[in-house]
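Reader: I would like to learn how to read strand pairing and salt bridges in a model. Could you walk me through an example?

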Amino acid sequence: MVLIRRSMLLIAFVMAALALPVQAQQEQELIQYVDENTQRLVDKLNEEKGLYERDPEAFYVSMDKELREFVDFRRIAARVMGRYARQTSPEQRDEFVVKFKRSMFDSYAQALVSADDFSIKVKGAEINASNSDRATVEMEVQTASGNRYPVTYSMYKTSEGRWMMENVIVEGINIGLAFRDRFAQEMEQNRGQVQAVIDGWSDAVESLKLEDEVDKS
């Protein structure tokens with residue numbers, strides 16, 4: 001029995017040792033993937049700064065097209081709704097995804113297009129040891145003035161093997177959690193009328209002033 005246990009431990013040790021190079025390679029591939037998507041987005045944003053002023057709707061369509069293959073807005077929106085998603089119809093969930101995406105663009109587009117030049121560097125990635133379909137990617141935003149801000153992407157792998165972003169943490173502020181808390185507050189204020197919350201979501205996001213919280217952190 002002792003010999004069997006020792007043999008099993010040895011096998012487990014060897015398997016773990018063999019898995020380390022594979023995980024390191026996967027993490028390096030994830031870093032490259034996130035970096036390519038992030039730099040493409042920054043380049044697109046710089047190219048179309050003027051478009052936002054001339055035609056906000058065209059800017060929204062362009063940026064949505066750029067992000068949809070990298071950011072899972074539907075998954076994020078479902079998590080924002082949390083337990084209240086069970087009270088909604090498929091049509092309401094679809095409507096909220098659209099409202100959620102648009103509110104994000106409306107709230108932060110002006111800040112992005114008016115910001116000074118900045119760069120984003122991917123610092124590292126870590127695939128979850130207990131679930132290889134989950135990972136975190138550490139990034140750093142540096143402004144033209146030299147200020148540095150940590151950003152963390154939460155990623156998951158789809159059934160097709162594509163990595164998608166499902167949440168973001170900026171200077172310690174969990175954006176998805178902040179929006180989920182806000183949705184719950186709106187549900188309480190509207191006495192559980194989910195359609196009213198969906199209809200007023202843009203105003204709710206604007207009043208949240210999340211960008212101010214990030215600046216203060």
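Author: Let us start with a contact: Glu69 and Arg162 meet through their side chains in a salt bridge, 3.8 Å from N to O. Glu69 sits in the loop between α3 (56–67) and α4 (73–81) and Arg162 in the loop between β3 and β4 (163–170), so this pair ties together parts 93 residues apart in sequence. This is a predicted model, where local features need pLDDT of at least 70 and side-chain atom pairs count only at pLDDT 80 or more, while totals for chains, interfaces and linings use all residues. Residues are numbered from 1 along each chain as its sequence is written, and side-chain values use heavy atoms, leaving out hydrogens and water.

Reader: What is a salt bridge here, and how many does the structure hold?

Author: Side chains of opposite charge can pair when their charged atoms come close. The cut-off here is a side-chain nitrogen of Lys or Arg within 4 Å of a carboxyl oxygen of Asp or Glu. The structure holds 12 of them.

Reader: Are Glu166 and Arg75 buried or partly exposed?

Author: The terms rest on relative accessible area: buried is under 20%, exposed is over 50%, and partly exposed lies in between (1.4 Å probe, protein chains only). Glu166 is buried at 6%, whereas Arg75 is partly exposed at 24%. Their side chains form a salt bridge of 2.7 Å, N to O. This pair links distant parts of the chain, with Glu166 in strand β4 and Arg75 in helix α4, 91 residues apart. Both belong to a salt-bridge network that links Arg75, Arg79, Arg134 and Glu166.

Reader: Which residue forms a salt bridge with Lys44?

Author: That is Glu48, with the closest N and O atoms 3.4 Å apart. Lys44 is partly exposed at 22%, and Glu48 is buried at 14%.

Reader: Now the strands, please. In which sense do β1 and β2 pair?

Author: Helices (H or I, at least four residues) and strands (E, at least two) are DSSP runs, numbered from the N terminus. Two strands pair if DSSP finds at least two bridges between them. Strand β1 (residues 118–127) pairs with β2 (residues 134–143) in the antiparallel sense, over 9 bridges. Ile120 stands opposite Val141 in β2, and a hairpin of 6 residues joins β1 to β2.

Reader: Which strand pairs with β2 over 9 bridges and holds residues 148–157?

Author: That is β3, again antiparallel. Gln142 stands opposite Arg148 in β3. The hairpin of β2 and β3 has 4 residues between the strands, and there Gly146 takes a positive phi near 100°.
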